[in-house]
Amino acid sequence: MARIVMKFGGTSVADIERIANAAARVKREVEAGNEVAVVVSAMAGATNQLVGYVDQTSRMYDAREYDAVVASGEQVTAGLMALRLQEMGVAARSWLGWQIPLKTDEVHGKARIEEIGTDNLDPRLSNGEVAVIAGFQGVSPRGRITTLGRGGSDTTAVALAAALKAERCDIYTDVDGVYTTDPRIVSKARKLARISHEEMLEMASLGAKVLQTRSVELAMNHGVRLQVLSSFDDKPGTLVVDEDEIVEQQVVSGIAYSRDEAKVTLVKVADKPGVAASVFGPLADAAVNVDMIVQSVASDGVRTDMTFTVAKTDLERAVAVLEKNRAAIEYEQLIQDADVVKISVIGVGMRSHAGVAQTMFRTLADKGINIQVISTSEIKISTLVAEEYTELAIRALHTAYGLDAA
């Protein structure tokens, strides 16, 4: 007998029929003798509708009341799931964040989990009762409802699996696993049987939408084994595990891309100590996250160009901040470009294999694709290219690294 956490996303519980389908999967695990905790998201579209209600009611809303409204979507799903399980003869009850309790900080809208009490859940799970938990929500030190940000139900499930010492956390979604790249772009993309936490974290942060980044980070830090599965068929999924569990590692495991990037270039910035702080300090104060950064060598020893990327949603705000601080930064021209895409190759095998970067650069050059910015880490290489080359670049790289399915 094992203790497992099963998480169902919004598409998996989009209506009563799909809730019944998910409940049938839960019942199978119970009949197999497992102790089961279920984490549910709001029904597909429910959260957007609730956010819309808030926006229509108050332009400058109280974030505490915003959380009280949007958290209700998960409450509905949890109650419906518990009811369905009861109808199927499975002992079950619903739990809200404050009832567990799932304690967070006070940053409403994007709270972070600080502690999960298991005293209420442990005996009920041991007695065979299924705990159906509303994902995405917790309780602040002041007793107010908090929410964990978009995709927060994944984080709830992983944190709960760690607290309950679960053998595994199964994430049920509308895809049947983690692929080497987006199968909508590359028809020969392969589903991975296993991938390391570190690789999955890079893929999630670099554009892959399968798992929420914070949930993967949490799983890696606490050694939680994840499994990504489809809610709609019984195919084997992808296990996200510690690197030691992967016997034979690929040099490159996958290729991710993000269309959410925008490029900013400051032309002829003063080349002197403190200039980077004068650029990125005000951006940080304005809550603008900066990703890739490149500074050219000053040919005259006086002026240099500085290029970096921000999220497209932050571009307008970033430009406004930089223009406001133009005198302090001392740049001559600001160039912005939102028609770019970040393409990344990822693999723990990069640590022990040379030539990975060369293959990427040569492949893109052979296709006539100009690289605008490059950034690297121990297990990934990212390049920024013109958005029009997205599909061509991904397909070419997928083939070049031997990832195409036979």
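Reader: What angle does helix α7 make with β18?

Author: Helices (H or I, at least four residues) and strands (E, at least two) are DSSP runs, numbered from the N terminus. Angles run from 0 to 180 degrees between N-to-C directions, with axes as lines fitted to C-alpha atoms, for helices over the stretch in contact; contact means heavy atoms within 4.5 Å. Helix α7 (residues 197-205) lies across β13, β18, β19 and β20. Its direction relative to β18 is about 175 degrees.

Reader: And what angle does helix α13 make with β18?

Author: Helix α13 covers residues 390-400 and packs on the sheet. It touches β13, β18 and β20, and its angle to β18 is about 10 degrees.

Reader: Before we go on, what kind of model is this, and which atoms do the side-chain values use?

Author: This is a predicted model, in which local features need pLDDT of at least 70 and side-chain atom pairs count only at pLDDT 80 or more, while totals for chains, interfaces and linings use all residues. Residues are numbered from 1 along each chain as its sequence is written, and hydrogens and water are left out of the side-chain values, which use heavy atoms.

Reader: Which strands stand at the edges of the sheet under those helices, and why does one side of each lack a neighbour?

Author: The sheet is open and has 4 strands in the order β13-β18-β20-β19, paired antiparallel; two strands pair if DSSP finds at least two bridges between them. The edge strands each have a single partner strand, so one side of each is left without a neighbour in the sheet. They are β13 (254-258) and β19 (373-377).

Reader: How many bridges join β18 to β20?

Author: These strands span residues 340-346 and residues 380-386, and they run antiparallel. Val 345 stands opposite Ile 381 in β20. The number of bridges joining β18 to β20 is 7.

Reader: Is strand β1 largely enclosed or open, and how many of its residues are buried?

Author: Buried means under 20% relative accessible area, exposed over 50%, and partly exposed in between (1.4 Å probe, protein chains only). In a regular strand the side chains alternate between the two faces of the sheet. In β1, Arg 3, Val 5 and Lys 7 are buried on one side, and Ile 4, Met 6 and Phe 8 on the other. Strand β1 (residues 3-8) is largely enclosed by the rest of the structure, because its buried residues number 6 of the 6.

Reader: Which residue in β9 is the bridge partner of Phe 8?

Author: β1 pairs in the parallel sense with β2 (residues 35-40) over 6 bridges, and Phe 8 stands opposite Val 40 there. β1 is also joined by 5 bridges to β9 (residues 168-173), again running parallel. In β9, the partner of Phe 8 is Tyr 172.

Reader: Is Thr 238 buried or exposed, and which backbone oxygen does its side chain reach?

Author: Thr 238 lies in strand β12 (residues 238-241) and counts as buried because its relative accessibility is 0%. Its side chain makes polar contacts, meaning pairs of N or O atoms within 3.5 Å; within protein, one must be able to donate a hydrogen and the other to accept it, and residues adjacent in sequence count only if both atoms are side-chain atoms. One reaches the backbone nitrogen of Val 178 at 2.9 Å. At 2.5 Å, the side chain also reaches the backbone oxygen of Leu 192.

Reader: What separates Glu 391 and Arg 395 in helix α13?

Author: Their side chains form a salt bridge at 3.3 Å, N to O. Glu 391 counts as partly exposed at 37% relative accessibility, and Arg 395 as partly exposed at 38%. Because they are 4 residues apart in helix α13, their separation is about one helical turn.

Methods
A salt bridge is a side-chain nitrogen of Lys or Arg within 4 Å of a carboxyl oxygen of Asp or Glu.
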